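Good morning, and thank you for coming.

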Amino acid sequence: MFASISGPRRPSPPRAARHARRLAVLATAAAALAATGLAVAATPSSAAACNGYVGLTFDDGPTGSTNALLSVLRANNVRATMFNVGQNVQGNPSAARAQVDAGMWVANHSWNHAHMTSMNQSQMQSDLSQTNSAIQSATGVRPQLFRPPYGETNSTLQSVAASLGLRQVIWDVDSQDWNGASVSQIVSNAGRLQDGQVILMHDGIQNTRDAIPQIMANLNSRGLCPGMISPSTGRAVAPDGTPPPTTAPPTGSPTTPPPGGGCTATATFPNVWGDRYNTSVTVQGASNWTVVVAVTAPQRVSTTWNGTASWDSTGYVMTMRSNGSGNTFGFTTMMNGNSSARPQIRSCTAG
């Protein structure tokens, strides 16, 4: 018997369709990604306050199109949960690693997308354990979430998942991208998302990638932001696990340390989103300068501009040097679960 689950279950596609899709995944996974690094698009001039959060999820990766998907997600300031198939991770570990490097969350979607309710308990245990190991080996992250293939589950499978520290997550909204939905249909389906809900989408589908900008425009218009899926509740929450703010996040106040060597650096935080924020630093008293900035773990700087940056061995202390682009430089910091900390300027040195 199937356990009762909330939300619709994706029906099993015909055997031929499943076979064709897996062949396509294997074929594309055989080609190495040209590069795992992703260019970060210019941040928008403004961002709506987050009055709620939704979980954007992508199943069946990584594929040969994962890098393209990540580029679209980053260009639209999206963090999402990637429910990965173990054998795909094993065949394309660099793409799985690129997901984490791009700020995505990685999760377990079984070893080879089989009908797991036909397995016995031992087979289920082996399948999920093998997938966990592949994902952790490729990314350094141990999954906390599990989505059963086709949404098929029973009490045994849920018990096995729980024993491995995995929270089962189905979905509230099915984008129908796996069923040949058009871009407009995917956008329309995503428009049903409400605070805390989760949508099913898939890696490797062009229409899905094309729909993301429109999906985000709709969510932003309703004050909804992409969030993480809580391992405790299975619901979408703020990226650091806190409930949505009742007002817009604070922009922060300037930080002006004592001048060092004849210059002063002042930091402000003009843009704050649910998962990242921008810092703008203005230097006064010198046109040729070196500024040392420290961020608080586990936050990480993802991109910089108008300066030449270098890092210490920890990766948390950045030295920024002038490069002829003026006396104001900036950088984007991923919160990575710490939404309260802001960078501290340690010194400003002229010359």
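Let us start with strand β17, which is mostly covered, since six of its seven residues are buried. Buried here stands for under 20% relative accessible area, exposed for over 50%, and partly exposed for what lies in between, with a 1.4 Å probe and protein chains only. Helices (H or I, at least four residues) and strands (E, at least two) are DSSP runs, numbered from the N terminus.

Please keep in mind that this is a predicted model, in which local features need pLDDT of at least 70 and side-chain atom pairs count only at pLDDT 80 or more, while totals for chains, interfaces and linings use all residues. Residues are numbered from 1 along each chain as its sequence is written, and side-chain values use heavy atoms, with hydrogens and water left out.

Where does β17 belong? Four strands form an open sheet in the order β11-β12-β17-β14, with antiparallel pairing. Two strands pair if DSSP finds at least two bridges between them. At the edges are β11 and β14, each of which pairs on one side only. On average, neighbouring strands of this sheet are turned by 25 degrees against each other, direction ignored. For such angles, axes are lines fitted to C-alpha atoms, for helices over the stretch in contact, and angles run from 0 to 180 degrees between N-to-C directions.

I shall now go through the sheet pair by pair. Strand β11 (residues 264-272) and strand β12 (residues 276-284) are antiparallel over seven bridges, and a hairpin of three residues joins β11 to β12. In this pair, Ala 267 stands opposite Val 281 of β12. Between β12 and β17, which run antiparallel, there are seven bridges. Tyr 277 has Thr 333 as its bridge partner in β17, Thr 279 has Phe 331, and Val 281 stands opposite Phe 329. Strand β14 (residues 300-305) is joined to β17 by five bridges, again antiparallel, and there Thr 303 is partnered by Thr 332.

We come to the aromatic rings. How many aromatic pairs does a search of the whole structure find? The search finds three. Rings of Phe, Tyr and Trp (its six-membered ring) pair if their centres lie within 6.5 Å; planes under 30 degrees apart count as stacked, over 60 as edge-to-face and the rest as tilted. Phe 269 and Tyr 277 are edge-to-face, because their ring centres are 6.2 Å apart and their planes stand at 85 degrees. Both Phe 269 and Tyr 277 are buried. Trp 289 and Phe 329 are stacked, because their centres are 5.3 Å apart and their planes are at 25 degrees. Since Trp 289 lies in strand β13 (residues 289-294) and Phe 329 in strand β17 (residues 328-334), this pair ties together parts that are 40 residues apart in sequence. Ring pairs link Trp 289, Phe 329 and Phe 331 into a cluster.

Charges also meet rings. A charge sits over a ring if NZ of Lys or CZ of Arg is within 6 Å of the ring centre and within 35 degrees of the ring normal. The charged end of Arg 300 sits over the ring of Tyr 316, 4.1 Å from its centre. Likewise, the charged end of Arg 342 sits over the ring of Phe 269, 5.9 Å from its centre.

Thank you for your attention.
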